[in-house]
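Please take a look at the chain below.

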Amino acid sequence: MPPITCTPKSLPKAKLHAAAALAFGENPGNRFPIEKLLRLAPSFAPTPDAIAVLRGKYWGKRAVRLSVSFLDGAPLALRRRIVEHMNAWQRRADVAFTLADRDGDVRIARLDDAQQGGYWSYVGTDILAIDADQPTMNLEGFTLATPESEFRRVVRHEAGHTLGFVHEHMRSELVARIDREKAFKYFDKTQGWSREEVEAQVLTPIENGSLLGNPAPDPDSVMCYQLPPEILLAGAPPILGGADITDSDHRWAGKLYPRADAAPVELLAVDGGGEGVHGAGEARGGETGQPRRPVAVIVPGGEAAYVAALVEALR
Ligand SMILES: [Zn+2]
């Protein structure tokens, strides 16, 4: 099995405006704080394109209820089993996936390599912008004969993307362990990826400034996939990837989507920048030991360097 089997899907450009409007409708906090951007770069023009790109995909700090349908006539027992695994996130988070006969918010296909094969999902509120006859998630080759361990590793991971969680192995601390030239060669050989694809899929770290959470990445998180040892720098610690939702994944998912009966906990912007749109500042109480933040969502805002880079890119 190839070690990286998941590619979170990005929306085509034509969908960005619709997706932005849907993201803002779901959660006003997905709006980029334009005032902050204008303070940093007074000449920046907040065009509709810029506003559509600079946004979050987070469902918001609330109960998430999403229906799930299948596009390929998967047997009922398989549909039930997949939805059950998606609901493994319920242990601490107020989320529920319910099986629907058709027209689900989440639409699952099992496309093979001839189409858009592999394991993937659109991230967070982006699923709302996908055409109703198109999948939002793909689980190539999944059947009732697929080992339980794969349901745990893959289905729960893809459900995490649907909830807005991003790849732990894209965190800058983990990307820093990769030897770029080895990575280009490896993914050309195993996946047929161009240098640009390797750059985008493996080598571009998620900016800490766009994450909501603690800076420490977690190589055991279910949102971390194994990276092949042969692409790592000599002497770098291995990145084995997660096999299932960890206790700390559950804990943080519960903070992103807290249950009504849970004690309130403030979310912490990674850069500690003090202006996180969902409440920044010190994480307080409740947790023992150092806060860890294996489940992270991308939110607008963040550190000055990140914003400045975005401004440059949008000029
Ligand atoms: Zn993934």
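What follows is a short tour from the whole chain down to single residues.

## The model and the chain

This is a predicted model, in which local features need pLDDT of at least 70 and side-chain atom pairs count only at pLDDT 80 or more, while totals for chains, interfaces and linings use all residues. Residues are numbered from 1 along each chain as its sequence is written.

The secondary structure comes to 10 helices and 7 strands; helices (H or I, at least four residues) and strands (E, at least two) are DSSP runs, numbered from the N terminus. Of the 315 residues in the chain, 42% are buried. Here a residue is buried if 20 or more other C-beta atoms lie within 10 Å of its own, exposed if 12 or fewer, and partly exposed in between, with C-beta atoms placed from the backbone. Two residues are in contact if their C-beta atoms, placed in that way, lie within 7 Å. Among contacts between residues at least 6 apart in sequence, 77% join residues at least 24 apart.

## Helix 5 and its surroundings

Helix 5 covers residues 148-162, and its 15 residues reach 21 Å from first C-alpha to last, close to the 21 Å expected. That expected span is 1.5 Å times one less than the number of residues. Its buried residues include Arg153, Val154, Val155 and Arg156. The buried residues of helix 5 pack against helix 4 (76-86) and several strands, among them strand 1 (64-70) and strand 2 (95-99). After helix 5 comes Gly164, with a positive phi near 100°.

The axes of helix 4 and helix 5 come within 8 Å and cross at roughly 70°. Axes are lines fitted to C-alpha atoms, for helices over the stretch in contact, and angles run from 0 to 180 degrees between N-to-C directions. Helix 4 is therefore roughly perpendicular to helix 5 (under 35 degrees counts as roughly parallel, over 145 as roughly antiparallel, 65 to 115 as roughly perpendicular and the rest as oblique). On the helix 4 side, Arg81, Ile82, His85 and Met86 meet Phe151, Arg152, Val155, Arg156 and Ala159 of helix 5. By class, this contact of helix 4 with helix 5 has 5 nonpolar, 1 polar and 3 charged residues (Ala, Val, Leu, Ile, Met, Phe, Trp, Tyr, Cys and Pro count as nonpolar, Asp, Glu, Lys and Arg as charged, and the others, Gly among them, as polar).

## Helices 7 and 8

Helix 7 (residues 180-191) and helix 8 (residues 195-203) pack at about 115°, with axes 10 Å apart. The contact is made by Arg180, Ala183, Phe184 and Phe187 of helix 7 and Arg195, Val198, Val202 and Leu203 of helix 8. These residues of the contact of helix 7 with helix 8 divide into 6 nonpolar, no polar and 2 charged.

Val68 is found in strand 1. It counts as buried because it has 22 C-beta neighbours inside 10 Å. Beyond its neighbours within four places in sequence, Val68 is in contact with residues including Val83, Met86, Phe97 and Ile108.

Glu26 is in helix 1 (residues 16-26) and counts as partly exposed, with 19 C-beta neighbours inside 10 Å. Asp103, in the loop between strand 2 and strand 3, is exposed, with 10 other C-beta atoms within 10 Å. Its phi is positive, near 55°, in a residue other than glycine.
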